[in-house]
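Student: Could you walk me through this protein model? I'd like to go slowly, one part after another.

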Amino acid sequence: MKDYIVRATAADSQIRVFAATTAEMIETARQHHNTSPVATAALGRLLTAGAMMGSMMKNDSDVLTLQIRGDGPLGGITVTADSRANVKGYVNNPDVMLPAKNGKLDVGGAVGIGLLQVIKDMGLKEPYVGQTILVSSEIAEDLTYYFANSEQVPSSVGLGVLMNQDNTVRCAGGFIIQLMPFATEDTISRLEQSLKNVTSVTELLDRGYTPEQLLQELAGDLGLEIADTVPTRFYCDCSKEKVEKVVASIGKKDLQEMIDDGEDIEVKCHFCDAAYNYTVEELKEIMKRSK
């Protein structure tokens, strides 16, 4: 089954709900970056959130960036997504290994204390930037806190990545539930009751739950109306031409030094680890064009 997001409303549009399965996306990311299990879980949670939050944006050209900067051994996580739920991302230190905590991957320990930043580039003069502290460094709770404090939207976020014994991704996904300003007390209390019954996203996903079934579990008795489904995937739009602009931006002095060294250079894309090779002749051409 390909990864996808289901978008829905409930209780006469008093609540909007997103649910996603993302195992294939996260396995693709794991293969690109050769991440350790705890790094896969951390990156996977943020990729899943990025895909759902990206799908909330209106225009094709809108871009969402999520950045976590913590003092833990992971160093940081960066994810970008577009409104079509194409998503890409990386962790600063992909090979971090930590002992399990309470029988689970210690994502909070790997991330550490720090900040979550949300950047929305919607084609305006300045992008929207929201920033909050990490309250648990487990990512879902941090995003719940972000929505409430930076966007003033009461929300509940659940994210999960379950690994196989061979360190491949077994299942992954998540949900975002948001209250609209006109939500009644009755709706809120019924939703809170439903959420109490969902103790683990990965437990449900491991039982084979689809996004539709996740939504049913979360808000089924609130008159769920599914709006649409959106495919999601790990996708990087890098190319040799785009990376060339990065090479050109390092400055003429450094470029000249590379040319003088007489060696080809290899530049890797942060987001997908693709490698691009530039010969000395190509570096000379870049130098000419940057004058």
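Tutor: Strands β8 and β9 (residues 169-179) pair in the antiparallel sense over nine bridges, where two strands pair if DSSP finds at least two bridges between them, and where strands (E, at least two residues) and helices (H or I, at least four) are DSSP runs numbered from the N terminus. This is a predicted model, in which local features need pLDDT of at least 70, side-chain atom pairs count only at pLDDT 80 or more, and totals for chains, interfaces and linings use all residues. Residues are numbered from 1 along each chain as its sequence is written, and side-chain values use heavy atoms, with hydrogens and water left out.

Student: OK, and which residue in β9 is the bridge partner of G160?

Tutor: The bridge partner of G160 is G173. β8 and β9 form a hairpin with five residues between them, and N167 in the turn has a positive phi of about 70°.

Student: How many residues of β8 are buried?

Tutor: Eight of the nine residues in β8 (residues 155-163) are buried, where buried means under 20% relative accessible area, exposed over 50%, and partly exposed in between (1.4 Å probe, protein chains only).

Student: New topic: which residues have the most contacts inside the largest nonpolar core?

Tutor: They are L47, M53, L74, I77 and I139, in a core of 68 residues; a nonpolar core is a set of buried Ala, Val, Leu, Ile, Met, Phe, Trp, Tyr and Cys residues joined through side-chain atoms within 4.5 Å. Helix α2 (residues 37-54) gives the most to this core, with eleven residues. A second, separate core of 26 residues includes C171, A183, L204 and L215.

Student: And what about A11, is that residue buried or exposed?

Tutor: A11 counts as buried, because its relative accessibility is 10%. A11 lies in the loop between β1 (4-10) and β2 (15-21), and although A11 is not a glycine, it has a positive phi of about 50°. Most residues other than glycine have a negative phi.

Student: Last one: at what angle do α8 and α10 pack?

Tutor: Helix α8 (residues 240-248) and helix α10 (residues 280-289) pack at an angle of about 70°, with their axes 10 Å apart; axes are lines fitted to C-alpha atoms, for helices over the stretch in contact, and angles run from 0 to 180 degrees between N-to-C directions. That makes α8 roughly perpendicular to α10, a term for angles of 65 to 115 degrees, whereas those under 35 count as roughly parallel, over 145 as roughly antiparallel and the rest as oblique.
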